[in-house]
Protein chains: 2
Amino acid sequence: MRREITVTAPVNIAVIKYWGKRDVKLNLPTNSSLSVTLSQDEMCSKTTVSVDKSYTKDTLVLNGEENEINGRLVNVLNVMRESTTESEIKDLHVRIESTNNFPTAAGLASSASGFAALVYGLGKIFVPSYTNSQLSTIARQGSGSACRSLFGGFVAWNKGEKLDGSDSSAVEIAPQSHWDDLDALICVVSANKKAVASTAGMQRTVETSPYLQHRADNVVPKRMDDIIDAIKSKDFDKFADITMMDSNSFHASCLDTHPPIFYLTDVSRAIINVVHALNNAMGRHVAAYTFDAGPNAVLYVQRKDKELVLSIINSLFGPCEGVECNSLDNILRRYNIDADLSAFQSPNGLSRIIQTSIGDGPRIV
Amino acid sequence: MRREITVTAPVNIAVIKYWGKRDVKLNLPTNSSLSVTLSQDEMCSKTTVSVDKSYTKDTLVLNGEENEINGRLVNVLNVMRESTTESEIKDLHVRIESTNNFPTAAGLASSASGFAALVYGLGKIFVPSYTNSQLSTIARQGSGSACRSLFGGFVAWNKGEKLDGSDSSAVEIAPQSHWDDLDALICVVSANKKAVASTAGMQRTVETSPYLQHRADNVVPKRMDDIIDAIKSKDFDKFADITMMDSNSFHASCLDTHPPIFYLTDVSRAIINVVHALNNAMGRHVAAYTFDAGPNAVLYVQRKDKELVLSIINSLFGPCEGVECNSLDNILRRYNIDADLSAFQSPNGLSRIIQTSIGDGPRIV
């Protein structure tokens with residue numbers, strides 16, 4: 001008896017941020033969140049799950065190295081085995097081998113795509129009838145934001161109301177095809193400073209920030225409604241404003257934590273200022289930034305504006321990989337932009353810019 | 001007919017921050033605030049006010065240069081003239097000459113001490129019976145935080161409830177003598193980047209930040225009560241915690257503004273992290289930071305801990321002016337501190353450290 005499946009799952013980047021758990025054990029969030037799934041061509045986790053009666057234990061191999069099976073993974077395996085209707089695989093051990101097609105040096109959390117691929121693969125073997133939304137509640141227990149990587153396009157993670165968390169799951173708001181000229185530029189900030197570890201940062205915010213609960217109760221619900229409207233009507237201006245406001249609101253609640261948590265650096269802040277100056281000079285939104293728990297910016301752009309934004313970011317912050325790196329003056333002249341952006345210059349502030357776009361959900365290879 | 005008086009007034013640094021006006025015209029704040037008055041030996045504004053029947057117009061000379069009399073100053077002059085009971089000086093023109101004994105390069109707002117000295121001097125001439133609290137409501141109309149420079153020691157600016165602002169005034173919580181072993185280190189961050197102007201930043205926060213009103217209504221009132229308790233009982237741990245939390249809360253509301261407002265830089269953040277690491281390693285609070293609308297840190301320390309904090313800050317951030325600049329390792333060993341602070345090193349991150357202490361209120365020279 002042996003079954004094996006290989007799947008891939010995408011990375012997602014939230015535009016309404018998840019920060020803080022109302023239930024640590026079940027990984028239930030204090031607020032709903034919403035993300036954009038990125039193309040698996042540039043970034044995905046690829047996972048092979050197998051069950052075989054010859055296996056004598058559960059095995060997890062991440063990027064070629066055997067890892068310990070932690071408590072969260074044990075929980076997921078227990079759920080899968082309890083839920084399967086096929087008695088013959090119920091008691092088999094599993095082997096999970098997973099790799100990422102993007103370097104961890106990119107500074108992007110791989111836990112979301114990794115856990116989504118794992119749960120998707122296990123689901124296809126143990127309970128093929130499970131919907132992706134059902135699988136998302138299981139993925140959530142492994143890594144909160146992983147639940148949003150079970151779908152492509154635009155994905156909401158509803159916080160849910162039930163104590164057992166059974167309604168805290170991901171749903172697709174719109175598929176990739178709905179708004180497929182939306183691109184993403186991942187601006188990887190040069191790691192010139194040792195990062196300060198934020199141990200249990202999320203729960204420290206829950207415990208000490210007066211802003212976080214106010215944000216969860218009074219700010220996020222309306223933003224969720226508004227950004228879903230913006231996505232449905234493909235209103236980039238509105239989408240961009242809400243995305244930027246919510247990124248800043250999330251980082252404000254980190255700063256409001258005691259002691260405070262910082263993820264944005266001077267380079268991050270310069271990127272934020274450039275985006276606002278550029279949008280202002282153009283009289284419309286050409287880019288929206290969002291920052292996860294790190295200094296790297298993800299810029300959402302409409303495809304028509306991608307070259308403009310990319311060339312300006314490259315010119316100001318380096319590293320000019322794979323694109324013509326023009327002087328700032330030339331670029332501003334070419335696009336007829338009346339803005340003084342030179343104050344924001346920070347050469348080699350970025351080590352890399354990953355160009356990607358919206359993508360689809362998990363795939364069976 | 002001639003009268004002349006020369007006065008000095010101190011700088012104050014808020015520990016509960018003022019940010020946002022509920023009435024722009026009357027300079028009424030959205031929340032109460034509380035500050036520590038700093039010694040005039042290191043920093044003060046010195047102002048000579050005279051009235052003379054030979055004067056043909058009102059004149060304002062700041063640091064040797066004649067300045068225009070703006071609307072706010074006109075209002076103050078009108079109030080003074082309307083309030084005086086001496087008919088013979090009512091219609092005289094005034095000459096105001098003011099200088100600061102600290103360079104503007106220190107990056108410290110001089111408007112508070114400058115306006116306080118001006119109003120104090122005018123008050124002594126036009127309405128000598130006015131109390132400092134009465135004068136503070138007049139100073140407030142010129143520059144909000146100036147009202148707190150009418151007293152020494154620890155000063156609350158009560159936001160007041162009346163529409164006309166007559167109860168929005170400063171009061172002394174405790175005099176300088178109450179807690180006179182409290183020192184302040186003003187860490188002036190090197191201006192290696194062009195500052196981004198935040199035009200009307202305060203009111204943009206009022207208009208766009210979901211946090212600010214919540215902070216005013218639900219966070220600041222309790223902090224005011226708590227820090228007054230801490231001051232009265234000279235509880236430095238409590239004073240330090242509230243001071244740091246409120247500084248971060250203020251900067252969080254700036255970050256929560258759309259577009260966001262940034263004052264803290266990487267060096268500011270490193271100082272914050274060092275203070276928390278140091279307090280943590282010592283098992284008690286040896287320093288509390290607070291940041292106004294700029295990157296410079298003001299550190300409050302008890303005198304017994306001043307040398308420790310000063311030597312560590314100097315070692316990590318330069319510039320080692322006027323103090324022995326030891327290696328970090330030596331300092332940590334000397335004080336028996338078990339903390340790895342090397343990650344925060346930013347040589348020449350500071351251009352200057354001003355050592356000062358708590359001070360008294362306006363003086364007649």
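This note reviews two interfaces in the structure shown above.

1. Basis of the model. This is a predicted model, in which local features need pLDDT of at least 70 and side-chain atom pairs count only at pLDDT 80 or more, while totals for chains, interfaces and linings use all residues. Residues are numbered from 1 along each chain as its sequence is written, chains are lettered from A and ligands numbered from 1 in the order in which they are written, and side-chain values use heavy atoms, with hydrogens and water left out.

2. Contact between the chains. In chain B, 32 residues are in contact with 32 residues of chain A, where contact means heavy atoms within 4.5 Å. The two chains bury about 2800 Å² between them, 63% of it on carbon and sulfur atoms. Buried area is the accessible area (1.4 Å probe) that two parts lose on being put together, summed over both.

3. Elements on the chain B side. Helix 6 (210-232), helix 7 (236-255) and helix 8 (266-282) of chain B each give two or more residues to the side that touches chain A. Helix 7 of chain B gives the most, with eight residues. Helices are DSSP runs (H or I, at least four residues), numbered from the N terminus.

4. Domains of chain A. Chain A is divided into domain 1 (3-179 + 360-364) and domain 2 (182-357), with bounds that come from an automatic or database domain assignment. Their centres, taken over C-alpha atoms, are separated by 27 Å.

5. The interface within chain A. Domain 1 and domain 2 of chain A bury about 3200 Å² between them, 71% of it on carbon and sulfur atoms. A:Lys17, A:Trp19 and A:Trp179 supply 30% of the area that domain 1 buries against domain 2, more than any other three residues. The rule finds one salt bridge across this domain interface. A:Lys17 also meets A:Asp292 in a salt bridge between their side chains (2.5 Å, N to O).

Definitions and conventions:
Salt bridge = Lys/Arg side-chain N within 4 Å of Asp/Glu carboxyl O.
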